[in-house]
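Hello,

Here is the structure I promised to pass on. Please open it first; my notes follow below.

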Amino acid sequence: MPRVRLDVAYDGTDFSGWAVQPSRRTVAGVLLDALGRLFGSDTAFGMVVAGRTDAGVHATGQVCHIDLPSEAWAATAPTLLRRLAALLPGDVRVHEATEVPETFDARFSATFRRYRYRVTDAVHGAEPLRRYDTLAWPRTLDPELLNAAAAGLVGEHDFAAFCRRKEHATTVRAINRLEWGRDLDGVLVATVQADAFCQAMVRSLVGAMLHVGDGRRPPEWPTSLLRLTARSSEVTVAPAHGLTLVEVGYPSAAEFAARAEATRRIRTLSS
């Protein structure tokens with residue numbers, strides 16, 4: 001059963017997130033449907049994804065893996081991308097399909113996930129062709145204030161105030177990049193990279209920083225929330241459509257297994 005890495009992009013507008021849900025259109029659902037039509041609906045693909053994006057969130061660099069019967073992979077590998085393009089809806093594309101070692105785990109072997117969040121403070125709102133991936137903010141935003149708010153959030157912290165807690169799951173995460181800048185078109189873009197994220201964490205961080213950027217909160221306010229041990233009711237979750245998963249990083253093939261084992265351990269704050 002060769003393991004195959006799939007690099008996937010999608011417009012999340014009309015999806016109820018990544019994970020399969022009964023009676024709902026999801027990215028994994030339509031991808032598994034297309035794979036089933038190619039390899040048989042009774043094939044157990046064992047699909048694992050790097051990060052389950054929420055409803056409305058986009059991706060240009062999502063990664064998942066599947067396991068395929070050897071003969072099926074050998075027969076379809078040269079034409080798999082073209083055949084999937086014919087079967088998948090227009091809002092999902094598979095850019096690459098690569099055989100990887102069986103030690104590769106799309107979720108646990110990952111070393112980082114990087115997201116971008118697009119916000120425009122233009123008085124006319126988002127440009128029509130970017131309205132599905134750019135949030136229109138009704139107040140003027142100051143990049144210096146946004147970056148001042150971001151600075152205190154970098155590092156390893158317990159982000160309980162910004163997460164939807166799951167039972168038996170830690171909210172400790174390590175952010176190694178969080179910064180704001182304006183694109184050439186004047187749109188503000190937040191880049192946030194961490195080893196992993198808990199549910200709604202990125203959008204909660206963005207929501208908190210936007211209230212600093214428009215002057216309604218002081219720059220130190222988001223950092224002050226890190227002392228909390230439960231989700232803060234003061235934090236507004238930014239809308240999903242401004243968020244895009246742009247890259248998932250992995251170590252060398254020789255380190256896949258060790259990285260996966262380390263990631264599975266429960267995270268605790270460094271001493």
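Which elements do the buried residues of α1 pack against? They pack against β1 (3–10), β3, α2 (70–76), α3 (80–87) and β4 (92–100). Contact here means heavy atoms within 4.5 Å. Helices (H or I, at least four residues) and strands (E, at least two) are DSSP runs, numbered from the N terminus.

Some ground rules. This is a predicted model, so local features need pLDDT of at least 70, side-chain atom pairs count only at pLDDT 80 or more, and totals for chains, interfaces and linings use all residues. Residues are numbered from 1 along each chain as its sequence is written, and side-chain values use heavy atoms, with hydrogens and water left out.

Back to α1. The buried residues of this helix include Val27, Leu31, Leu35 and Phe39. Buried means under 20% relative accessible area (1.4 Å probe, protein chains only). At the helix start, a side-chain oxygen of Thr26 comes within 3.0 Å of the backbone nitrogen of Gly29. Gly40 follows α1, with a positive phi near 105 degrees.

Now the active site. UniProt lists Asp54 under "active site", in an unreviewed entry. Such annotations may be inferred rather than shown by experiment; the positions use the numbering used here, and feature names are shortened. Asp54 sits in the loop between β2 (48–49) and β3 (58–67). Leaving out residues up to four places away in sequence, Asp54 touches Gly17, Gln199, Ala200 and Arg203.

Last, Trp180. Beyond its neighbours within four places in sequence, Trp180 contacts residues including Val119, Leu146, Leu188, Met209 and Leu210.

Best wishes

Technical notes. Buried means under 20% relative accessible area, exposed over 50%, partly exposed in between (1.4 Å probe, protein chains only). A polar contact is a pair of N or O atoms within 3.5 Å; within protein, one must be able to donate a hydrogen and the other to accept it, and residues adjacent in sequence count only if both atoms are side-chain atoms.
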